[in-house]
Amino acid sequence: MNSGKIKYIFILAAFFFISKNIYAQNELAKQYEYAVSLYNSEKYFDAITEAKRLAFFDTLRAFAYPANELIAECYKQGGKYPDAIFYYKKAERYAKNKDEIYKTKLGVIKTDILRKATGQAIKLIDELKCDTTLNAKELSYWRGWAYIFNDEWDAAAECFDSIDHNSPLKLLCQKVEKDKYSVLFAKVVSVFIPGAGQFYTGNYLSGIMSLGWNFLWGYISVNSIIENRVFDAAMTANFLWLRFYLGNIQNAEKFAEMKNLEITNNALIFLQNNFNGEKP
Amino acid sequence: MKKIFLLAVIILCGEIFAQDASAPKSLLTQRNVKLFADNLFCQRDFLRSIAEYENYLKYCNDDTVKFKIALSYSYMQKYSEAAAKFKLIDKTSNYYQDAYYEYYKNEFLDGNYEVFKTFFTKDTVTQFSDTGGIKKLSYASLLMQDDKINISEKDFLSAFNSEEQPYAGKFYLEKTNPGYKKPLKAALLSAIVPGLGKIYAGELGDGIFSFTLWGLSEYLAVSNIKHKHWARALIFSGTSALFYFSSIYGSAAQAQIYNAKVDFNFNVDFKSFLSSVNYFLPKEPDFCK
Amino acid sequence: MKIKKTNPIKTIVLIIAIISSVNLSAQTDWERWGKKENPYIKENKFIERDYALKGDNITDLTAKLLIDGYWFFISDLDGDNCPFYPTCSSFFLQSVKKTNIVQGALMFGDRFMRDANVFNRDKRYHSYMKGKLYDPPDNYLIDKKKVREPFVFKNKEAK
């Protein structure tokens, strides 16, 4: 009886100590859940506070990875991209397995895409591709997004094509590439016929007026030469004709660029607001 | 005994599996809140550390924490809030002397120079007896204001020690003789020779171009009048008149731009000098060694 | 007194500011912030004309009408010739609005002459806006206090 009592007390004490340890771990898990719940209710600033609290009291660093990853996600949602990348890299240091490392790197890639540092994103994707072949499709997908943000729509279409031949993103990229105007063509035709580039981009009024001005100043300049008024001819040709001629080429280039910007921005607006697939 | 054992197990398990979406209380004890806040403070995450410290102050009165809240505001360059918080620190506190200095420093940084005016009353000497740094700061505040300085150079320099005097003297001289360009003089010079006022106001290139443009259109106007090209004569007379009066106006404007630059450069230099000597005050205590 | 071009103290302060800005990431959180979705779209770098006829009085309206005509028939067609922001015509319009037609015309004439000076532009006009040298009418009101100091207003969007 006596030895049985001691046994009970011993077991109870052992259980108490073990559970005390579990209890501390459990408190931290609770804290993590609290931080996540704040994140889910879009209170990102407070979520970071709680995640930092978790990381501070987590002396064994059991939650170091999820806490820092959560902080990074919060900063990403708040559009604070450099901070997000800082915390993704911090989370990577505490990652326990390959999957976790991959997840943080993907976080950096998506953040780089969002902050339009597409060169860095593609570099990271290339590095990851050497490491593993498992996620090739996912990496191609984000490479496609990086190309979109870098205004390389045909390269993006190729990436999406390698995943799925009928991917809606591939079709979108191909359409944008097809719709875009050639800036070089607009410039070149305007060199030969003032206003032609403007016609190509659909800016008819501007094209007609450019043609008119160039015709007028050209006529006056030539006429002055015929009438032997060299000074007037030089003045008109230099200060008026040349000015409007160069302006005409500039305009052809500008209009083509503006139209292209409109086309690509429309696609980007669609991607941001109406696209249902995964976004960075 | 078995019953007690089972009961204990149930209670412990109950504690383990109790879950809800709020911060666990064990992390929010008085001690833990302060520990976490200190950590945030040293990470320069001041807005969060202030929130935690304020939370802590709900439970107990702590002058160190109050001082650190004020310091957090100061580090975040929210000087008026910082000054208000430093002012609240009690005379009996260990941090009173530090808070007293920090209060004046933050008022100075906030541009609230009014607070220093009280030091220039009759009993200045007694007031300044134990606050040499603040005496220097209040004399420095005179140079930061737009009003003219009523104190002689000798009086001004007497506030500073021999190491600081050369700098203080240089800034005093710059403030009292700022070397402004007079807008009226610039305008008059340009009225005599278009563009001359711009050269006086420090823009040689603009002066030359003003003169050239005016001269060219004046020449074209005169030559067209001679040749009786009346339409052209009218156009060039108009532009030459516009250039003439514009260069008068522009010279006056340029003089004021020059003066604004003088003021701006003085302020930048003087502020960086003051910050390099920590506003003559002892450095604030370092809590994050 | 001469205005110093470079000041050692200023340089040191600048260097310190640059170095410290690297590890001051906590500054992000010195103000509370919330969810923010940055737009995917690329920013428009082209200067957009506001042709709308707006003005409180007849001089403003007349000036605006003249400038609209100038923009439509000439400025939009003769290329990008103005190194400044606001452009010369916008500068004129803003000057007239801020002052009166006479002073506005003088300010414009002055701007036109400065426009001709191709030397040392980068040194005189420190800051850029829309890829152009920033030269606002406020600087030319002959009022020291209204001068927008380039160092202070760098990177700030101003109308």
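Figure 1. Together, chain B and chain C bury about 3700 Å², and 65% of that lies on carbon and sulfur atoms. Buried area here is the accessible area (1.4 Å probe) that two parts lose on being put together, summed over both. Phe209(B), Tyr249(B) and Phe264(B) supply 18% of the area that chain B buries against chain C, more than any other three residues. If you like to count residues, 46 of chain B are in contact with 38 of chain C, where contact means heavy atoms within 4.5 Å. This is a predicted model in which local features need pLDDT of at least 70 and side-chain atom pairs count only at pLDDT 80 or more, while totals for chains, interfaces and linings use all residues; side-chain values use heavy atoms, with hydrogens and water left out. Residues are numbered from 1 along each chain as its sequence is written, and chains are lettered from A and ligands numbered from 1 in the order in which they are written.

Figure 2. Look for Lys198(B) and Asp110(C), which form a salt bridge with their closest N and O atoms 2.5 Å apart. Helices (H or I, at least four residues) and strands (E, at least two) are DSSP runs, numbered from the N terminus. H15(B) gives the largest share of that side, 24 residues. By class, the side of chain B that touches chain C has 22 nonpolar, eleven polar and 13 charged residues. Ala, Val, Leu, Ile, Met, Phe, Trp, Tyr, Cys and Pro count as nonpolar, Asp, Glu, Lys and Arg as charged, and the others, Gly among them, as polar.

**Figure 3. Where chain A meets chain C.** Here 40 residues of chain A are in contact with 28 residues of chain C. The two chains bury about 3200 Å² between them, 58% of it on carbon and sulfur atoms. Five salt bridges are found by the rule across the interface of chain A and chain C. In one salt bridge, the side chains of Lys35(C) and Glu42(A) meet at 3.9 Å, N to O. Polar contacts between chain A and chain C number 15 residue pairs (both at pLDDT 80 or more). Among the elements giving two or more residues to the chain A side are helix H2 (44-57), helix H4 (81-93) and helix H13 (230-273) of chain A. The largest share, 15 residues, comes from H13(A).

**Figure 4. Helices H2 and H4 of chain A.** Eleven of the 14 residues of H2(A) are buried, so this helix is largely enclosed by the rest of the structure. Buried means under 20% relative accessible area, exposed over 50%, partly exposed in between (1.4 Å probe, protein chains only). Tyr44(A), Phe45(A), Arg53(A) and Phe57(A) are among the buried residues of H2(A). H4(A) has 13 residues and reaches 19 Å from its first C-alpha to its last, close to the 18 Å expected at 1.5 Å a residue; the expected span is 1.5 Å times one less than the number of residues. Its buried residues, including Tyr81(A), Tyr87(A) and Tyr88(A), pack against H2, H3 and helix H5 (98-114) of chain A.

**Figure 5. Surroundings of Phe156(B).** You will find Phe156(B) in helix H10 (residues 153-158) of chain B, buried with a relative accessible area of 1%. Leaving aside its neighbours within four places in sequence, Phe156(B) is in contact with Tyr139(B), Leu143(B), Ile151(B), Ala168(B) and Tyr172(B).

**Figure 6. Surroundings of Lys132(C).** Lys132(C) lies in strand E3 (residues 132-134) of chain C and counts as buried at 12% relative accessibility. The side chains of Lys132(C) and Asp80(C) are joined by a polar contact of 2.8 Å. Beyond the neighbours within four places in sequence, contacts of Lys132(C) include Ile47(C), Cys82(C), Phe84(C) and Ser127(C).

Definitions and conventions. A salt bridge is a side-chain nitrogen of Lys or Arg within 4 Å of a carboxyl oxygen of Asp or Glu. A polar contact is a pair of N or O atoms within 3.5 Å; within protein, one must be able to donate a hydrogen and the other to accept it, and residues adjacent in sequence count only if both atoms are side-chain atoms.
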